[in-house]
Structure formats: C-alpha cells, structure tokens
Amino acid sequence: MATAASPYPASEQRPNVPSASVRLPAVADYEQVDREIIATLRPTLGWFALLATAILCLLIGISAWTYQIYSGLGVAGYNPPVMWGVYIITFVFWIGIGHAGTLISAILYLFRAGFRTSIYRCAEAMTVFAVMTAGLFPILHLGRPWKFFWLIPYPNWRLIWPQFKSPLVWDVFAILTYFTVSSTFLYIGLIPDIATMRDRETNPVRKAIYSALSLGWRNSDREWRHFTRAYLFLAAFSTPLVLSVHSVVSFDFAMALTPGWHATIFPPYFVAGAIFSGMGMVFTIIIPIRKFFKLQHYVTLNDLDAAAKMTLFTSLIVGLAYLTEFQIAWLSGNKYEQQYFWNRVFGQWAWAAWIMIICNMVLPMSLFSQKLRRNPSWLWILSLFINLGMWFERFVIVVPSLSHEFEPWQWTTYAPTWVDYSILLGSFGWFFMWFLLFCKQLPIMAISELKEVVPPKRKHPHPEEFEHSRDEGIAHPQVTGEHELPGGLGAAGGGTH
Amino acid sequence: MSEHKPAATQVKRREFLKVLGATTAAASAAACVPEETGKLIPYLVSPDQTVPGVSTYYATLCRECSASCGVIAETRDGRAIKLEGNPEHPLNKGALCARGQSALQGLYNPDRFRSPMIKSAGAWKAATWDEALTLLSQRLGEVRGGAAQSAVFLNQHESGSFPAFLDGWLASYGMRPHLSVDFEADTAAIEAHRRAYGMSWPRWNFADAKLIISFGADFLDGWGASVAHQLDFADARAKLASAPRFIYVGPRRSLTGLNADQWIASKPSGELAIANFLLGRGDANTASQTSGVPAATLQRLAQEFASAKPVLALAGGRGDNGLELATAVASLNGVRSAEGITAFDGIARQSDVLAAVERMRSGQVAAAFVRGANPAYALPKSARFAEAFAKVPFKVSFSMYPDETTELCDLVLPDLHTLESWGDAESTRGTVTLQQPAMDPVFAGTRATADVLIAVAKKDPATAARYPDAEYRTWLLRRLPGGGNPQTLGSELAKGFASGSTLARTIPAAAPAAASPAAAATGDLFLVTYPSATLGDGRGANKPWLQELPDPVTKVLWSSWAEIHPETAQRLGIERGDIVEVRNAFGAIRVPALIYLGVRPDTVAVPMGQGHSSPTQTSWYDGKDRAVQWGYGRYARAIGANALDLFPVRSNSGGGFVGSTTCAISKTGDHVTVVSTEGSARQHDRGIAQAISVNEIGAPVEREHEKPPGDAPHQFLPGLRSPVAADAQGELGSPTARDRGILQGMYKPDHASGMTRRRWAMTVDLARCTGCSACVTACYAENNIPTVGAPWQNGVVYAQHQPGFNITRGREMNWLRLERYYEGAEDGRFTEDFEARFVPMLCQHCGNAPCEPVCPVYATYHAPDGLNVQVYNRCVGTRYCSNNCPYKVRYFNWFGYGEPDRAQYAFPEPLNWQLNPDVTVRTKGVMEKCTFCVQRIREAEHRAASEQRTVAADEFTTACAAACPSRAITFGDAADATWSVNKFVEDERAYHVFEELNTYTAVVYLKKVNHPAAPAAQAPGAEARR
Amino acid sequence: MPGIIGAFSEIDSAVEAIEELRRTRFNELTVYTPTPRHEFEHALDAPPSRVRIFTLIGGLCGATFGYWIAVWASRYWPLVVGGKPIASWVPYTIFGFEVMVLIGSLSTVFALFALSRVPRLTMTVGYDARFSGGHFGVWVNTTSDRAKEAADLLRRHGAVEVRHEA
Amino acid sequence: MTERRKWTAIPGLLALAIGAVVLSAYSGASSSQNRQPVQPINFPHPKHAGPVAQGGMGLNCLYCHNTANKSPDPGMPAVQTCMGCHLVVAGNKPEIVKLAKYYAMGAPTAKPIPWVRIHKVPEYVRFPHFRHVNAGVTCQTCHGQVQTMDRVYQYSSLNMGWCVKCHVNGYDPKEGLRATGYDTTTAMTETPSAERKRARYDCANCHY
C-alpha cells in the first residue's frame, strides 16, 4: 500500500504504482462492477462468427482423426526413427499453456500480487481448456487409441497393471490430477459470482441454471469464512502441482537416453518455458477481451505491465536454459551430444532452432522497455510470436533429437502431413470453442474479488481510503496512457471513463 | 513321405487345404482382434505321418538359380512354410541365399496362372486341360515331318534327368534337342573352365590360397554357385592370420569387390591387359594404358603375385573379351581343385541361342516352346527377340507366371513349382539331389510339364508306345539309384540326395557364330551392367521379399538406378536422386542417379532385374475377377528400367550375351527420393562396425572406453567388459541383484520354471560376414514380416503409387538389417582405398534394455532367460520404446499390413499360405522387433519337455543363423558352456555396440579383420580404422 | 424459524449494528456480504474454519494410497524392466505426491461444502438478492417477543430496510 | 437440515458406481463363457465318451482327438474315423445319415463337417495342448465334463486371468482327476498333493 501522500503535478506522472496493490479508480461502487461485468455476457455477432470458425476447425480435426484411426498412424508424417511428431509437440505446447492460469491464480494469490485479480479468471479458464486440449493428444498419438485405458490402473481380469516406472504413466497421474484440481479451483472461485448472476438474472431458464450451479450460495459470513480458508489451501496445493506437472512432462524426454533429451536441466527449463508460453497465451486472450468488452479500467496498464515483467523474467530463464544445453554438450565431451547440438543449430534443423531462439530469447528482450510493456498492441503481437516460438521449442526438442540419434544408419528427416496439420488446427478449434462458450456464459472476471478492491460505501468515510482515492485522483496514468496509443487497442476503451 | 500317399489322399488334402484357415491358429488372422471363433474343419481322411500343428520336413531342391542347392522344406498342415538349406547336402551344407528363401514366394505367387490359357484372336482366355492338350497335340501333328526339325524348345537351364527326358520327347516328334538357357550364367567362364580344367565349374579351394585375385568374378553375388563360394570363402577368411589376402580387379566394386582388401579399378574389359601383364605378356605401361590403372599399382600387384603362392585367380568374363580374359586368368590360377560343381553342365552357348533366334526371324521355325526362360526380357533388346519370335506360327509357354515371353505365345500350359513336382539334379559330381514335392499343387489348374509331355505323347499312337508310365514320377523313380525300391528310396528321399548320376544328354556341336552387330560407340562413359544380387537377371522381381531386400551394395530397393562416381556427378552437376537419361546407340533409359564411390569415374553401372513391363496390364480370365497381371506380375510390373535395353548382344562363341558399350548421361530435371534404407553411410567414429588389422591380432587390445560412464556391476574380461551370460541379464546378473530385490518371482534363480538358467545370446563374426543379406530374407520368411514397398501399399493414403514410397519414409520392417558403412574416401575424390564394413543389426536383447522402463503397459520387458520380450497384444503403440532404443531396431505397424481387407495387406492370397503359424501376424498400431526366434526356442523346449529332457546344446538356431551362407551368426545359450556360442563370446575381437551406454547387449560382434598390403607396398587407407 | 433481516448500504453502519446486537445478547446472527470483509470477521469474531483438518487427513490418505497402489501393483506381477528394482520408492514419489494433491484438494472442497452447508436446494429465509450486489444484510434469528427490539436496533443503525420473516 | 442429507447421499452413490465397475472388470464379462452353439451334427458325447455305467462307451478323449498329447493342436477326428464304426453301426439314425452325406464314400462331392468351434483362445496366444496333457492336466479341467454334456458348451472363461491363476498357483493332478468326474470315490479320498505343478507366467511363454 503506497504511503506517499504528496500530490504530484499532472505533468510528471508516476507510471508505476506498486502493482502489489491494485486500484481501480474508474470503478465507483459494487453495483458498477456487477453491471459492467454482466454486460459482457451479451452475445454479439462477432462472437457467433468466432465460435462458428472454432467449431469448423474442430470438425476438420475430428475428421482427420477419424481417418487416422481407420487407416492407421501411417497417415501422419512419422518417419522412423522419428516416432514422435506433431502430436507430442502439440501436447507439450498445450500443457505448457495450461500452466500460466494456475500460476497466476494460485502462486500470485499466495504472493498477494494484486494485478492477478482482474486477469486470473480468464487465465484459469484458459488453463482448464488448455489441459482439456492437451489431454487429447497422448490418446490421439497412440497406435491403438482404443486401448488407452490400459494406462490407467484398474482391477482387470488380465491381472496385469500399468508399468509405474514409465514416465507416460506418471503423465497420466499428473495430468488427471492437474485437470481435476484446476477445474475444481476454477469452479469454487466461480460459485459466489454465479450466485451474483443468479440474483441479477431475469430470464427464468438461465436463472434456474445459475441457481443450480451456485449450489444455493448465500454470501453468508459462515460460507465466506470456510470459502476463504479452502481457497487458500487449494492455492497452496496447486502451487507445487504446477511445478510438478510440467516437471513430469519433461521427464518424458529427460528419462530417455536420446541425445538432446537426456538432460537434468529439463524440469526447471520446462516449467519456466511453460509459464512463459502461458503468459504469452494470456496476453493473446486478455488484450482483445479488455478491448472488445471495454474493460480497460479493470485490466489496467499496470496489470499488463506487471504481467509483462513476469514474461520477460521467464523468457530470460528459458534463454539461459537454451545456452546451458549447448554449454553442457560442449563440456561433456560426449560426441553424440556434441554432434546432435551442432546439427540442431547449423545442420538440417537450423531453421526451426533459429525461429525458437528469435521468438523466445530475442524478441521478448523488448520488454525491457517500459513503453513497450505498457503498449497493448505490441504485447499482443509479441504474444503471438511467443506462442509460435514455444511450439517450435517443442519441435526442436522432439524432432531433431530423434532424427539424429546414436545409430547413423538410421538418421533421417521428418515432414508432417495434412493429417498432422488438420489435427493441430482442430486442437485450436477445440480450445477456442470452449473458451468462447465460457466467456459468454460466465463472468470472465471474479466479481466478488473485484469488489474486495473497490471501497465499500461508508457512513463515515475512512481516512485510509481518502488517501487512496486522492492518490488515484492525481496519479492516473492508465487513462492518459490509453490515449497515448494512436488508434491502439486501448483507444476505444479510453472513452469508458 | 508323400510318395506313399494314396492318390485319394492328395485330392482330399487339397480339399482340406482350402479350408485350413480356421485350424491353423495365428497364421492368417491379425493379432489382438478377438474375432468370432469360426469353424473347426477336420480331415476327411487323416493323412498318415502328418500331425496337425506339427511340421513335416521334406528334403528337396532349389531351382532359383542353376546351382541347384539342396533344401529342406518345412511343411505344416500341408503347406510349405519355410525353406532352409539341407545341412547334409555337399553343395550348400545347410546354407541358403535370399533368392533360395524366396522360392516360397514363387510357389505362392498370387500372379501364378491358375489354369491353361489360349490366345484366340489376340485375346487370352482360360481353357481346360483337355482343350489345351487337344490344341497342342493337333498343332504338333501339323508340324510333324521336315518342319518338326525346325522347332525350337527354350528351357530354363536345369540340371538333372529332365533335359534328357525332354530331348527324348522332342526326338520322338523329330525335333532337335532343346536349348538349355540361363541368361545370367557366365558362359565365358564356363567355356574357359571346360578348356582349362575339363569341368564346367570347379569348386574353388579358397582356403588353400595365399592370395585371391578376382578379375570381375563376383563370386559372392551370383557368379556361379555363390552359396558354395561364400561357405568356402568365409572359412578361408576365418583363418584370420593365415587367411588369404583378396584383391578385386574391375571397374565397379560389387559386393565381392567390397569384401576385397584391395580394389584395383581397371577400365571395363581392361582386366585382360592386367591378366596378360601378370602372365608376363606385355609390360606395365601398355597394360596401364589399356586398363587405366597406374603402372605403380600394377608393379606392386606383380610383386605380390610373384611372392604369394599359391594364388587363386578367378575371372568373371562379361564383355567383349570375356572369353580371352577367362582363359588367361585360368592359366594364372595356381589353385587347382578336383571337385566340380556339375550343375552348370549343358548350358547352351549363346551362339546356339542366337542362331535359333535368327532362324525364327527368317521364318523357318514352325513351332517354339518356352519353359521357365524369359528371353523377351533377359536378352539384350538389340537381339530383337520379340520380332523374331512373332514370326513363329505356333508358340507354347510352360511358364508359371505371366512374363514378357509368355505374353507373346499362343498357348500357356502352366507348370508346377519345384516344390510341387518331381525331379532330380546333379549339383555336384557323383551325387543326385532329389526333388520331391513338399505339398500338393497350390492351384489345381497347373501341371508338371513332364506329365504334360507324357499326356500329349499318349494322345498319339505313334509316340504313346514310348511312354508306358502314367506320370514322370514313376519314370524318374525307376531310374533313380535303387531303382525305385521303396526302402532305399525312403531313406534317400529323407536325406535329399544319393550317390549316382542323372541321365546325361548329348549336347550338339556349337552352331557357327554369326557376326556380332558392330557396337557403335556413343558417349564418353563406359557402361556396365551386372545381374542384381537380389533379383538376378530379373526372374526374382515378382517376389516381394526380393524387391524389399536392399541391394547389398547400394542398399536401394524397389527401383533401378545408375551408379555414378562423385567426381563424375560433380562434373555433370548430378545429385543423388536426379533422374538421368542413360543413352547410347541401342536405346535410352531413365533411372535415378546414385552416387557411388565404388565405380570408376569414367564408368556408369546399371543393374539388371527391373523394368518388367507390358503393353497390356491385365487380361481378365475368369468370372471371379481374377486377372493375369502381365509384365511379370503385380510386384514387378512398371518398376524401374531394364538395363539390357542399352547393350549389344554378343554372338561369338563363349562370353556372355552382353557386350561392352559406352553411353552418355544427361539430367532430365526430374528428381526422386531414392528408395533406400541407408541413413548415413559413415559411422562418425561411433564404433558400430569395428575392425582390426590382421597384424594386430594377438596384440593387447586397447579399448576406446577403458572406464565407461556409469557403474558396471560385472567384472571385466579381455574381449568384453563382462561375460555375456551376465550381460544378457544386465542388473539381474550382477552380484548385488539379490540385495536390491530384483530377483523376485520367476526371476529367482531357483524358480520352478528354471528360466533363469538360460541366457539366449548371439555372436556375429564380422570377419566372416560378407553382407550378402540372406539372413534378412530368412527373417522375413520366419517371422511373417510384411513387405511394405509395393506401390499400392501407400497409394490409398498418399494418393501416389510410387514403388517403395513407404520405405522412403523409413517404414521398412526389416527386423534384421544389414548396415554398410564406408571408411575412407571422405572427400569424394576418386580413390581405390576405401573400405566397406557390413554389420547385421538386430535387436540386441539388452540386459538393461532402455526400451523396457519407458513402456507404460509392460508390453516390453526382460524375460528371465535373457530375452527382451515384445508382447504385441499388450502394446498400445506409444512408440516410446523405439525413441529410447539406441540401436533403432524396433519397427512399428503404421498400417494394417496384416489385415486382408486393406490396400496395405502384405500377404494377398495365396501368399498368406506361407505365414508361419507359430508367429503372430501383427496388427495395425503395435511395435514389433527381433524376438531371437522365440517361437523356435519354445518349440525346442516343447520337444525337449515331451521327451523328458532338457534342450541340448546347439539343438536349434535362429532363422538368420540357419540361413547364413558365411556362418557368421551363432546363436545359443551363453550360460551353458556346451553351446558353441560360448566359444566366440570370449574371443579377443568381441565387442558390444555402444558399450558405453551400459545396455549389456546379448548380441556380441567380432571385429572385422583387414589384410593390408605387405609393408613394402603399403597402401594408405587399407589400414584398419576403428 | 422466525427472524428479522436488515439490509444496509453502508458497511460501517452494518458493523455497528452487529456490535450493538451482540452486546444486547442477540447471538444468532448471520451476515450477508457480497464480498468477504475483515470488518465483519472482527465484529463476529467467529472460530477459525475447520477446513484445515479435512485437508490434512485427505492429503495424508492420498499420499499413502499413491505409494501403495504403485508398490502393490508392481509386486503383484513382478516383471523386470531395464534391470530396475521391481518396486522403487524414488519414482513412486511422483504418485505419492500427485495423489496427495488430488485427494487433498478434493477433501478440501468437500470440507468447504460440508462446513458451509452447501449445496442447499432452497434459498433460506431472509436472504435477499441485494446481498450479492451492493448491500450488506444482517439476519437476527430471534423469537417474536424480542423481534420489535431487534428491528428498532437495526433501523436505528440506518438499515435501508427491515423485514420480519417467519 | 433435510436438504443437506439429500446431498450427502451422492458420495455413497459414487462409491457404489465404482464398486460396480470393479466387479464387472473382475467378472471377466468379456469372455464368451457358457456359449453353447448348435452343431451341424448333434454329436452325443455322453454316448461315446460317457461312463459305461451311464450307458456310454467310455471312449478315451484321445481316441478321437488323437493329437492332443503330441501336438499343439488337439486334432479333430477325420470323417473317416467316424465312418469307421458308423458304416456298420446305427446307419439309419438321422444324424448318422447326415454324417454319411458328408462322407459320401470318399467321392469328390465329399465335404468335411463344418463343426462350430467352441473353445478358442485369441490368435495371439500359443496354447500347446500336448504340454498340458503330458503334464497331467485332465481334459475336463478346462473343457468341463464333456462326457456328460448333451451339447458341448464353453466351460471355462479362457480369460488371461484364468490361465495365469493356474500357471502361478500351480496344478494338482489329483484335483484334475477329481475334475474328470470319473470314479469320484478314489479321487475324493485322495489328499491333495503337497507339490503342485507350477508353470511359467512369463508373457513370452504364450504371446509371441
């Protein structure tokens, strides 16, 4: 909480209010929160168009998969010994994206990072849908997908169980747990908001649905007491879970002998990469939302700024990891590793490796500039590059390693087919279909938590809150900041307050 | 034995075969699909001696080439399912080459004629035997008398009594003796042998020689009886220190050339000059000019030739001066051998054949008969056989398959396959190898030619008298040693051969040689061709196993190619895979270019065997949608180009059909991915194929990884890091295993099953291995491995019918592959000093297998007897095991190769009759790999158990080891000293591949041994490399 | 059960009302607030939530089960893979951890539902839709004789509306 | 509150559902146990193999299924084997007439009898009959007392678990003897042998 009470001249503004505490000067009272958030739920033509597109992509993916199941995995571009390809790449890609949500909602909750409040609901929903998407791929890439349940330990008349030393079984447990916990976490957070929707809703059908979903939540002190505590514990559980899940995913590679995979650096490297890619996807989603739903005064530039700082930080970690891999290969004196890494950056796969390095290491450096950190348009463009780069990071990990292994006689190349691409496209369709459905049915911002940071009505206004509002009244960088963008995404939003 | 069977049984058994599918478990149905239980079909009359589900073995004969090796045919429930060499047979001593293995796919070839066919008004239609025989005897009646003399009978050369029988039949019609043709035989060499040694083919004593010089004699890939050669050559090389050094002289390094210690790259037909130089005729410089070999090299050669005695000199003798060369070399040869391979006796000189062709052209020939031979394809186009053949009014073919020559005929009387019919052969002097049917004919509509001849003769009172016997079998058995006496005959049939000799025929004197057409030289590059090591002169092309078998040298399959040296390619701007046009005065072909170190820069080499084609694709010949696939059947048709289109035919007596010529090559602009199983041809110092110089043998071994990473729980031995018996068990074999609680359940040393007392292991002696790839095909045959390269097997998915497309995507299923790594000549400049090393790479059955712990469902795990097991029906297809396998020996079923209703189906009826009932046919989406022939292990255990004993030492072996003609592979129980595998694992040359990964493989390789030139004439690069 | 509900728009007046009520022995109070506020917690000083016990027990059970299933299943049909021990605790820690998190958080949620009496089918008396919006509600559970007194008290503290519920 | 009790029923229901799944998984629901198809000829096993006391002829199973002790394949009797007796025996019975029609005296029109297969392990399983028979496993242990079945049905589940249980726990010949159902008196009085015959339970023992 800022204690600096001295008024500032309007000329020199203080762009960085400590982002640990969030303040929403443009939000007057609780009713406004309800009004504005509920207003976002009105379906628009653009929304229908997007939804239709998403579903179309999904259908393409589904038909491709059907074809693949019928005629065999050979229709994908596998080129032995490159036995893993686009599917595993995309699996890791989506799992990675699925990490930012829980990170933001859980870890930042424990760290009391205020800028989380306005974006965590989006991020959490994104997490759940990303995990739903990722979860499809391990099944989808099986030679006999209809036997996937053999990876699940259940009593059976074969008297035989999964092989618990296999990283793939670890995956099954990690991902199922992660999906269950993160979706529960999302739902619990939603309950009070659904209750609010229930009370504001007039349409009887929707009201009935909301009532059912709200489980008869009443906002009573007793409910709140247990709620806050349970929420804290869930956050406390999710935090190590986030770290563990992607470590386990990284074990899929680190546990293998394959040059380029067999490295102890993988767990931290993957976790950082996951958060990085997740932040990228958060930007990709939240920036259009705050523009088109006119929520710039909730997701303020301060929030974006803070999130961008975190992106930069994780990007630096990832970059360091890339360099460390080369250094290890160099120092190890292991000819397999050395030849592989040489081939990675200067050999047949140079193009992919450099896309990865530029998108994940070089471009994010731009976030050292505060101006760009506070420029939503740039953040959005950058986020697209990050998504691309992170997909290619997984490509560079999976394909070049397998195509250039111990046995030179089996060195080969790899080219995906239209089936791979269709299924990749389908995964995006699947993800965005769910997200679009979500953002028009349920509040994309945590109403009850927003209310926590909006000063309540008082008979005798509180001194601390005087200072609060006065401070805001002077230092009001966000609004002007928005207007600085010529035709930028935020420009339209500027008018709302 | 089948000859005791009452005739009724044969009919019934054929009945029975039709419906056998339901009772032979696992043969035809895909694994892991619980399909409904189906029917149980009993015999009508149970045949004596066959127990359903238990194999019967028939000793018989292989006729895939002229050498006539003895084979044992394993039959199960009336179907031949596997061929292996007859261990007792003097010629091949149990070994069998890839082509021999593939005889089964000739037997079960889906393109075989189902019935006689008559061409009326240019259209083929199926006929009954009555119609066919009536037609035949009627036309024969017409050519009686003077015209008969003109008739020509071209018979694929076969040793034995049949040729004499045939001549007798022809004589009875007043026809001249038949021509026994073999277009891939080296008639020049044979002629020279006749003159020099008085036998058509000596059995060379490689072991006696100190030095072997081969002047283009590819005795490992098809020159003469190559299986016999390999056995002897490998034995000679296995003498290591006292083994003969081997020098190969010729324009191209064939498989034989790659096995040589030194290559002297002479110009085509330049070998003669070198041979003469060694004979002291002419000096080094002239020889060097004609041969294109530096005089210094020739001097060194002369020194060595003079110092090393005795010298075994062999000559291939293709090309214009073939006969001169062969003769000269025969007088160079210092190693004599009394033993002769008589199988090549009586091969017609090409002068006779071409004289016959000329008579056809001049319209003098009233009738022509072709059996087995395919001159329309295998004669150089410049012989213009087709147009001459067309002039013959009545042409009969006895071919089993629709080939180019048969298509030109008027009547087809489909013959029986060797494995279905009776016969004999005299493959080595003084022994008669018996050919007995291993099963009843696959197609009821086919008949043995001999029986057809008898039947025809019987139709005519004039000839009937001469053929008292109902069928050839009776005739043959009567004149066999023992005179058809059942007792002796039984034992001989069981053994497969008897002493004695077959009925001799008198070969008429050579026809006067017509003048060869002058070979107009066009282009600046020499052009050479050679019979493919896998497809021969093309007769193997309709067998998917051979199409799918990578050429031992180039590793190319399912296509033709032109071998060009890197320098030449660079000069002409040609890259691997560019479609080049090879053109000269005789014609032009378009084939992908292959950059090959082992061919002279001024020479282009194109293999024979592909390029079967036909204007008409199919003739439908019955209502059941069955068609004749012209162009030599579905597997051969329209693949590659026929090299023989480019060659002049030679007609002077002796010498091969193929003359010398030159050519020009030009890029066409098209490019394809060469269908090849080769990744990188270099080892990148990874010690996969290791070699030592013969001088290092016995010297203390310095090891690359003295202290390997990771802890090695086993103690160290000189050759290997640890005893293989312990290796094959990995951590299980370590002293601390018990403490670490691994030894549970059946892994307990004292467990009732006793499995832990066995350690299945294998050794591969690279000093013996010649890279011939017979083991690969043996593996395909034994383990129901699908072939995936046929054009339609990817067509559905990628909408393109390129042959071998699946293989360009690395999806071949060869459980056992033969890797060929080059050493030296890295810079692509022309040099004679580069070395090739062959490594058979198969599942190493690691003690600590990396593939196992990553499998989520225990589909692969370590069995107590040391096997790395793959459980197909448990596999869900994550393919993680393959990712984690350093040796990359796991293969995935990308499509439903085993599902009959799919385009990718690899065993179209009746090829699926060959499937091994003891091995599951894998379904779509599961991983598979070498199992160390676990079915053979279990079978031996079953046999032993029902005889209340334990498995005896060397009681059985794997399919690859059984086939290997150089005896390089040894399989056995490494934990039991009485198995011969233990002799090798402690050899000083023994090593594991990727030892530093601590995988503790159960496959042990013995380093190749190189024989560098004597220090005086030290050839750089011939030095052994790691 | 009868009682009186008072709706407040200002938070501090609601708090004062609660304090007054508790001073005057109105102990069965329920406060409805759109968002958790510390003011009310102080005013009501309710005992700390018992969710933590459920979480602890759930977590422990989960961890145990995770280890147990892995070890038991591996030993049930012992097959050696890669020469590794049949059952080894190191990799199985992953199962211990993941299942601990799973069961732990599920039991936490269960505790939340059980302790705060959700889900419930019917809206309890006294609740008003405003309490999820901008208003704070104070429900006094009392008998009819003291109802008047409570109502007055709430009005005195500036309740926007006071209603009797039965 | 009553409402809450309603909702607390849910965990119980979940538990029941899980229990049901587990049970069904163990029950081997997927096997075709007790399948009892109609055969082309209604062959009366009791008449041929049934004990003489009950009017059978007490033929040994191996009389017709004669390779069960020397081959992986138990073998079906050739039609000729049936006709061996039935040329003279009961030639006029309708079923025998059918049989004779199939045999057709060895004429080319002769057809083998298309028996409907009952006991069948999947294609990817190797089941060598002779190993089991020679180890003293009585036919009835797996096939049930066929000698008493008027129409044969699938006696065992033939599930993998069913196989493995015996391979692991071992097999007692005396129990096998009891399973046959012949002269139960002696078999019952026998005490089970201490040493049970145990077999491998290595996957590659049957799957390859």
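Start in chain B, with two neighbouring strands. Strand β5 (residues 117-120) and strand β6 (residues 123-126) of chain B run antiparallel, joined by 4 bridges. This is a predicted model, so read every value here as computed. One pair shows how the strands line up: B:Ile118 has B:Lys125 of β6(B) as its bridge partner. The two strands form a hairpin with 2 residues between them. There, B:Ala121 takes a positive phi, near 55°.

Strand β5(B) has another partner too. It is joined by 2 bridges to strand β15 (residues 411-412) of chain B, and this pair also runs antiparallel.

Now look at some backbone angles. Most residues other than glycine have a negative phi, and most peptide bonds are trans. B:Leu240 is not a glycine, yet its phi is positive, near 50°. Find B:Leu240 in the loop between α7 (226-237) and β10 (245-249) of chain B.

Two peptide bonds deserve a look as well. In chain B, the bond joining B:Glu909 and B:Pro910 is cis, with omega about -5°. B:Pro910 sits in the loop between β33 and β34 (927-929) of chain B. In chain A, the bond from A:Pro80 to A:Pro81 is cis, with omega near 5°. A:Pro81 belongs to the loop between α2 (45-71) and α3 (86-110) of chain A.

Stay in chain A and find helix α9. How far apart should the ends of its 32 residues be? Helix α9 covers residues 301-332 of chain A, and at 1.5 Å a residue it should span 46 Å. The end C-alpha atoms are 46 Å apart, so the two values agree. After α9(A) comes A:Gly333, with a positive phi near 70°.

Next, bring the two chains together. The size of an interface is often given as the accessible area lost when the parts come together. Between chain B and chain A, the buried area is about 4,900 Å². Carbon and sulfur atoms give 54% of that area. On the chain B side, B:Arg686, B:Tyr880 and B:Asn883 lose the most area to chain A. Together they make up 15% of what that side buries. In residues, the contact takes 65 from chain B and 55 from chain A.

What holds charges and polar atoms face to face here? There are 2 salt bridges between chain B and chain A. In one salt bridge, the side chains of B:Lys888 and A:Glu405 meet at 2.6 Å, N to O.

Which elements of chain B give two or more residues to the side that touches chain A? They are α25 (792-798), β29 (817-823), α27 (851-854), α28 (880-883) and β33 (890-892) of chain B. The largest share, 5 residues, comes from β29(B). Sorted by class, the side of chain B that touches chain A has 31 nonpolar, 16 polar and 18 charged residues.

Definitions and conventions: Residues are numbered from 1 along each chain as its sequence is written. Chains are lettered from A and ligands numbered from 1 in the order in which they are written. This is a predicted model: local features need pLDDT of at least 70, side-chain atom pairs count only at pLDDT 80 or more; totals for chains, interfaces and linings use all residues. Side-chain values use heavy atoms; hydrogens and water are left out. The expected span of a helix is 1.5 Å times one less than its number of residues. Contact means heavy atoms within 4.5 Å. Buried area is the accessible area (1.4 Å probe) that two parts lose on being put together, summed over both. A salt bridge is a side-chain nitrogen of Lys or Arg within 4 Å of a carboxyl oxygen of Asp or Glu. Ala, Val, Leu, Ile, Met, Phe, Trp, Tyr, Cys and Pro count as nonpolar, Asp, Glu, Lys and Arg as charged, and the others, Gly among them, as polar. Two strands pair if DSSP finds at least two bridges between them.
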